[in-house]
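Work through the exercises below with the sequence and coordinates open. Each task is followed by a stepwise solution.

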Amino acid sequence: MDFNTLPATTQQSVESSETPENDLEPKPNPPLLHHEEALAIVENEISEIIKSDPLLHYLPSGVTLDELNNMLALEHGRAMTVIIRRADNQTCSVVVEQKATVIDLKKAFQRHFTLKQKREGSERCLSWRYIWKTYWLHYAGQKLTKNDKPLKEYGIENNSELTFIKRLRSQ
């Protein structure tokens, strides 16, 4: 037996493991993206997906996860829209869960208004503590005074309209 020659199967495996010389050249790496560039690409793709969706096409291009979840909950009947009329007679539609409390509504209104200001480019800062100490939310002749009370107990349903009324100072 000649040990200098390899059996045919071993010879084939050695030949197949060798690579041609052109495979040894380094392959170019894909271009590296900075975080901001990658984030912009992802936001653009998400925006395109939302625009093509029949349920979500009316959402703004810079939609937040909260807005997206609220719209989906609204479509599935787990949320309701509450309309809040401000003192300047402008209305805001706020989406809250069916089991939401007054404090949940206040926080949703704050998020909605802050996001609206940000999208409009306004840098005006509001003191929400001052607003909630100065005004009551009002619905059907009753002030929403207890933050932990569910909206359903005030009779608030989908598309109910609430208003702001000024609190009277106690002497």
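**Exercise 1.** In this predicted model, find what covers the buried residues of α4.

*Solution.* Step 1: locate the helix. α4 spans residues 102-120 and holds 19 residues. Its first and last C-alpha lie 27 Å apart, close to the expected 27 Å.

Step 1: list its buried residues, those under 20% relative accessible area. They are Val-102, Leu-105, Lys-106, Ala-108, Phe-109, Phe-113, Leu-115 and Gln-117.

Step 2: identify the cover. It includes the helices α3 (65-75) and α5 (128-134). The strands β1 (79-85), β2 (91-97), β3 (135-139) and β5 (160-166) also take part.

Step 3: Gly-121 follows α4, with a positive phi near 85°.

**Exercise 2.** Which element gives the most to the largest nonpolar core?

*Solution.* Step 1: size the core. It has 23 residues, and Val-96, Leu-105, Phe-109, Leu-144 and Leu-151 have the most contacts inside it.

Step 1: sort by element. β1, β2, α4, α5, β3 and β5 each supply at least two residues. α4 gives the most, with five.

Step 2: Beyond four places in sequence, Leu-105 contacts Val-82, Ile-84, Val-94, Val-96, Leu-137, Leu-151 and Leu-162.

Step 3: look for another core. A second, separate one has eight residues, including Ile-50, Val-63, Ala-73 and Ala-79.

**Exercise 3.** In which sense do β1 and β2 pair?

*Solution.* Step 1: read the bridges. There are seven, and the pairing is antiparallel.

Step 1: take one pair. Ala-79 stands opposite Glu-97 in β2.

Step 2: examine the hairpin. Five residues lie between the strands, and Asn-89 has a positive phi near 70°.

Note on methods: Residues are numbered from 1 along each chain as its sequence is written. This is a predicted model: local features need pLDDT of at least 70, side-chain atom pairs count only at pLDDT 80 or more; totals for chains, interfaces and linings use all residues. Side-chain values use heavy atoms; hydrogens and water are left out. Helices (H or I, at least four residues) and strands (E, at least two) are DSSP runs, numbered from the N terminus. The expected span of a helix is 1.5 Å times one less than its number of residues. Buried means under 20% relative accessible area, exposed over 50%, partly exposed in between (1.4 Å probe, protein chains only). Contact means heavy atoms within 4.5 Å. A nonpolar core is a set of buried Ala, Val, Leu, Ile, Met, Phe, Trp, Tyr and Cys residues joined through side-chain atoms within 4.5 Å. Two strands pair if DSSP finds at least two bridges between them.
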